[in-house]
Amino acid sequence: MNKNYYAILMAGGVGSRFWPVSTKDFPKQFHDMLGTGSTLLQKTFQRLSLLIPKENIFILTHEHYNDLVLEQLPKLRQHQVVLEPAMRNTAPCILYASLKIQKENPEALMVVSPSDHWIEDEEAFTKNVQQAFDFCQANDALVTLGIRPTFPNTGYGYIEYDLDSESQNEAIAEPIEVHAAKAVNQFREKPDYKTAKQFIAAGNFLWNAGIFMWSVTSVVKAFQNNQPELFKLFEKGISSYNTKDEVNFIKEHYTKAQNISVDYAIMEKSTNVYVIAAEFDWNDLGTWGSLYDKLDKGKARNAVVNARTLVNNASGNMIWTKNDKIVVLDGLEDYIIVDKDEVLLIFPKAKEQDIKTTLQNVKDQFGEQYG
């Protein structure tokens, strides 16, 4: 494997829309959400390790989850777990990890990947990342993977790319292959339904999957140019990174960082941004509904994880339990049924976006320990 290939695996989110399985103390990336025998974190690590040396994969997470990471990835060394003392969105932690990697290997090429996405075709994923690495090796470029939209989804951000990318940038050293890297015109916010239909009709819009590739030189320069205050804050720690002094520096300075996503911080402000249309199926597993869409279903269109079911006149339900529990359903349609320890959730799928609010109501009435 190429020793210059690195990965940053983002594993710090809470995933509150997957409550009651996903909680603050045990978020969804540490669960086997699909009943495959591996957690989402483990599956993502395995997928990245097809191309990236395992010792070059860094896990970015909150310090609260350090033990969970090491328990689920026991061959990981402690220095590969990059800990945030506070949640500050994706830009500060990516800059922090990038400076650590740059100090270790100035020739590094990096992929940044969420830990909670589901990608079945790992061969196609590896091919696309390799395409991006080859492109970034030859060019000063920030590359993202985009997903070809299959319907006018209003829950995703979109990437608009230049249909005539091949002729538009003389600074590119490598020719841009058809269906490979396309110059990004702009990132678009989550649209309403009418606008999403227009995006799809235009033919040059992709869903933003939040998967990024770049050389460590390019991404550090992008932060330096577009987020000078954030860069100066973390630049102070360069002498301490990868040493015993790093923990103290981060504890003292990390909370001073601006709460900002990497999209807003550098991707939307840079002019050297490119997108590759992914050749693999993708699901961001953000809600119970997205999990339902991903799972196999029988004639009654019920999706089941871990449970044994007896159903009558019940269809379109998402059923998730632990320990092979027997679930009997009669006359229930299009519901989310989740049995987790002391909490039983029975909730209409059509209202799944309200689960986050419901969680807060549960904590207010019964205590923080249930969230």
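This note sets out points on the helices, the cysteines and one lysine of the structure above.

1. Basis of the note. The structure is a predicted model, in which local features need pLDDT of at least 70 and side-chain atom pairs count only at pLDDT 80 or more, while totals for chains, interfaces and linings use all residues. Residues are numbered from 1 along each chain as its sequence is written, and side-chain values use heavy atoms, with hydrogens and water left out.

2. Helix 1. Helices (H or I, at least four residues) and strands (E, at least two) are DSSP runs, numbered from the N terminus. Helix 1, residues 40-48, is mostly covered, with seven of its nine residues buried; buried means under 20% relative accessible area, exposed over 50% and partly exposed in between, with a 1.4 Å probe and protein chains only. The buried residues of helix 1 are L40, L41, Q42, T44, F45, R47 and L48. The elements that cover them include strand 1 (5-10), strand 2 (57-62), helix 2 (66-72), strand 4 (109-114) and helix 4 (122-138), where contact means heavy atoms within 4.5 Å.

3. Helix 3 and helix 7. The axes of helix 3 (residues 90-104) and helix 7 (residues 228-235) come within 10 Å and cross at roughly 45°. Axes are lines fitted to C-alpha atoms, for helices over the stretch in contact, and angles run from 0 to 180 degrees between N-to-C directions. Helix 3 is therefore oblique to helix 7; angles under 35 degrees count as roughly parallel, over 145 as roughly antiparallel, 65 to 115 as roughly perpendicular and the rest as oblique. On the side of helix 3, A91, P92, L95, Y96 and L99 make the contact, and on the side of helix 7, L230, F231, F234 and E235. These residues of the contact divide into eight nonpolar, no polar and one charged (Ala, Val, Leu, Ile, Met, Phe, Trp, Tyr, Cys and Pro count as nonpolar, Asp, Glu, Lys and Arg as charged, and the others, Gly among them, as polar).

4. Cysteines. The structure holds zero disulfides, a disulfide being a pair of cysteine sulfur atoms within 2.5 Å. For C93, the closest cysteine sulfur is that of C136, 19 Å away, which is too far for a bond. Both residues are buried: C93 has a relative accessibility of 2%, and C136 has a relative accessible area of 3%.

5. Lysine 363. K363 lies in helix 11, residues 355-366. K363 counts as buried, because its relative accessibility is 18%. Leaving aside residues up to four places away in sequence, K363 touches E368 and G371.
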